[in-house]
Amino acid sequence: MGRPILAIVGRPNVGKSTLFNRIAGKRISIVEDEPGVTRDRIYAEGEWLNNYFNMIDTGGIEPNSEDIILSQMRTQAEIAIETADVILFMVDGKEGLTSTDREVANMLRKSNRKVILVANKVDSHTPPNTIYEFYELGLSEPIMISASHGYGIGDLLDEVISNFPDDKDTGYEEDITRVAVIGKPNAGKSSLINKILGEDRVIVSNIPGTTRDAIDTPFNVGDEKYVFIDTAGMRKRKKITENIERYSVVRALTAIERSDVCLIVIDAEEGVTEQDKKIAGYAHDNGRAAIILVNKWDLIEKEDKTYLKFEKEVREGLPFMTYAPILLVSALTGKRINRILDLIKVVSNNHSMRIKTGVLNDIVGEAILMNQPPSDKGRRLKIFYATQAASKPPKFIIFVNDKELMHFSYARYLENQLRASFGLEGTPILFEFRERG
Ligand code: GDP
Ligand code: GDP
């Protein structure tokens with residue numbers, strides 16, 4: 001299931017971070033970058049009554065004009081409008097309404113997003129006199145809270161979750177392969193989708209209307225059923241500022257969470273960017289099957305072995321995803337587009353592969369014979385037994401005498417042996433080592 005997205009917008013000092021931290025609790029998730037690159041907190045996970053959502057954190061936006069507060073707020077509101085399903089618009093209940101509040105309220109009202117008005121710093125049970133000013137904004141009735149004391153948060157979160165879009169996944173049956181097409185704005189995602197769907201063998205079924213502006217596209221190829229999961233909104237705009245682009249990965253995250261297979265679209269002219277690494281990293285961390293599409297291949301001047309050089313660069317840019325096949329394609333000319341659907345089928349089958357215990361243990365046994373398990377201080381690792389515990393992605397439990405003896409490189413060796421035997425192209429695989437006395 002894909003998590004809906006919540007954003008908190010409001011003037012500086014109204015209490016956004018206080019509320020954010022209260023909702024996020026210990027779940028604050030720091031997006032880990034490659035070593036040496038600044039850490040970039042973009043979102044945190046929230047939960048209320050078993051409803052999980054992602055909250056975008058616009059705290060780090062740099063003001064970029066003279067009129068600092070207003071321009072900062074504009075950017076904040078734009079990001080919220082582009083990425084969030086529900087927007088909390090926070091005002092200061094102590095201070096009352098300001099002209100900046102009015103400006104932002106206007107932007108939000110025009111956006112068609114669900115906006116919930118929150119008056120913070122209402123620290124006592126009697127509503128402050130200022131509260132009536134907020135009705136003027138033409139939004140909903142203000143929900144009064146005290147973020148620092150924790151009053152009213154439950155009622156607020158009830159309201160938030162009741163406004164999230166219905167889970168669209170319920171409409172998809174088990175036998176439908178859900179394919180997310182993810183990547184930076186302008187990488188060519190919608191062009192690729194159109195080109196793939198334009199192929200003869202593809203039969204596009206009715207496009208269901210949905211509560212938000214995302215449109216999923218179900219289609220059939222022969223007896224196989226698929227749906228392209230949309231990354232709502234992000235591609236409808238012409239101009240996307242850097243700030244907004246940075247947050248578009250949170251939208252991609254929702255699409256990834258709803259998918260089985262991710263098509264990671266990279267712009268050949270730009271190569272693998274930080275943004276691409278993040279997006280691919282989310283797909284990997286979520287255990288999705290993956291295919292890397294290097295699009296706009298028509299724009300690249302080819303010399304001898306250009307494709308080898310490109311593949312090498314992509315591998316170096318995404319070193320955690322060696323299992324993902326790479327295709328150099330062009331949505332414009334149609335180059336290699338006809339290979340994409342076949343590849344989706346292959347990686348999707350691998351992703352849901354189930355390996356019989358007997359066969360699995362034969363392979364593991366052979367692997368042990370060829371390359372002895374490591375030992376440490378006179379004690380040797382013993383591998384007793386392996387079994388597949390789950391699929392999508394395949395997860396193997398391996399029973400050993402002592403987990404400490406399982407060296408990283410030996411686990412990698414076992415993974416390679418399994419991949420060599422079962423051809424698990426396109427899917428991550430997981431291991432869990434368990435001790436058995
Ligand atoms: P932000 O700039 O909107 O993220 O605001 P912060 O969360 O940093 O809060 C600004 C200031 O308001 C801090 O000093 C907070 O302690 C204070 N504050 C936040 N929530 C409340 C509240 O519910 N009541 C009162 N009295 N102060 C609050
Ligand atoms: P999205 O934001 O990722 O959905 O990107 P679009 O599909 O809207 O494409 C962005 C721009 O790149 C458009 O102007 C497309 O015409 C162009 N484009 C997409 N694919 C290709 C391609 O394979 N080659 C070239 N030359 N341009 C492309």
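A: Two strands count as paired if DSSP finds at least two bridges between them. With that criterion, the part to examine in this predicted model is an open sheet of three strands, in the order E16-E17-E18. Its pairing is mixed. Strand E16 (383–390) and strand E18 (430–435) are the edge strands, each pairing on one side only. From one strand to the next, the twist averages 25°.

How many bridges join E16 to strand E17? There are six, and E16 and E17 (residues 395–400) run antiparallel. One residue pair can be picked out here: glutamine 388 has phenylalanine 396, in E17, as its bridge partner. In general, the strands of a sheet pair through backbone hydrogen bonds, either parallel or antiparallel.

The loop between E16 and E17 holds lysine 392 and also proline 393. The peptide bond joining lysine 392 and proline 393 is cis, with omega at about 0°. Lysine 392 also has a positive phi, about 55°, although it is not a glycine. Is lysine 392 buried, exposed or partly exposed? A residue is buried with 20 or more other C-beta atoms within 10 Å and exposed with 12 or fewer. Lysine 392 has 14 C-beta neighbours inside 10 Å, so it counts as partly exposed.

Asparagine 50 is in the loop between strand E2 (43–48) and strand E3 (51–56). Asparagine 50 is not a glycine either, yet its phi is positive, at about 65°. Its C-beta count is 6 within 10 Å, so asparagine 50 is exposed.

H7 itself covers residues 274–285. The buried residues of H7 are Gln275, Asp276, Lys278, Ile279, Ala280, Tyr282, Ala283 and His284. An α-helix has 3.6 residues a turn, so residues three or four places apart point the same way.

The rest of the chain gives the setting. The protein contains 11 helices and 18 strands. It has 437 residues, of which 39% count as buried. Of the contacts between residues at least 6 apart in sequence, 72% join residues at least 24 apart.

Ligand 1 is surrounded by 15 residues, the closest being Gly15, Lys16, Ser17, Thr18 and Ser148. Helix H1 (residues 16–24) gives the most to this shell, with three residues. By class, the shell of ligand 1 has three nonpolar, nine polar and three charged residues.

Around ligand 2 there are 16 residues, and the closest are Gly188, Lys189, Ser190, Ser191 and Leu332. Here helix H5 (residues 189–197) gives the most, with three residues. The shell of ligand 2 is made of five nonpolar, seven polar and four charged residues.

Technical notes:
Residues are numbered from 1 along each chain as its sequence is written. Chains are lettered from A and ligands numbered from 1 in the order in which they are written. This is a predicted model: local features need pLDDT of at least 70, side-chain atom pairs count only at pLDDT 80 or more; totals for chains, interfaces and linings use all residues. A residue is near a molecule or strand if its C-beta atom, placed from the backbone, lies within 6 Å of it. Helices (H or I, at least four residues) and strands (E, at least two) are DSSP runs, numbered from the N terminus. Ala, Val, Leu, Ile, Met, Phe, Trp, Tyr, Cys and Pro count as nonpolar, Asp, Glu, Lys and Arg as charged, and the others, Gly among them, as polar. Two residues are in contact if their C-beta atoms, placed from the backbone, lie within 7 Å. The expected span of a helix is 1.5 Å times one less than its number of residues. Axes are lines fitted to C-alpha atoms, for helices over the stretch in contact, and angles run from 0 to 180 degrees between N-to-C directions.
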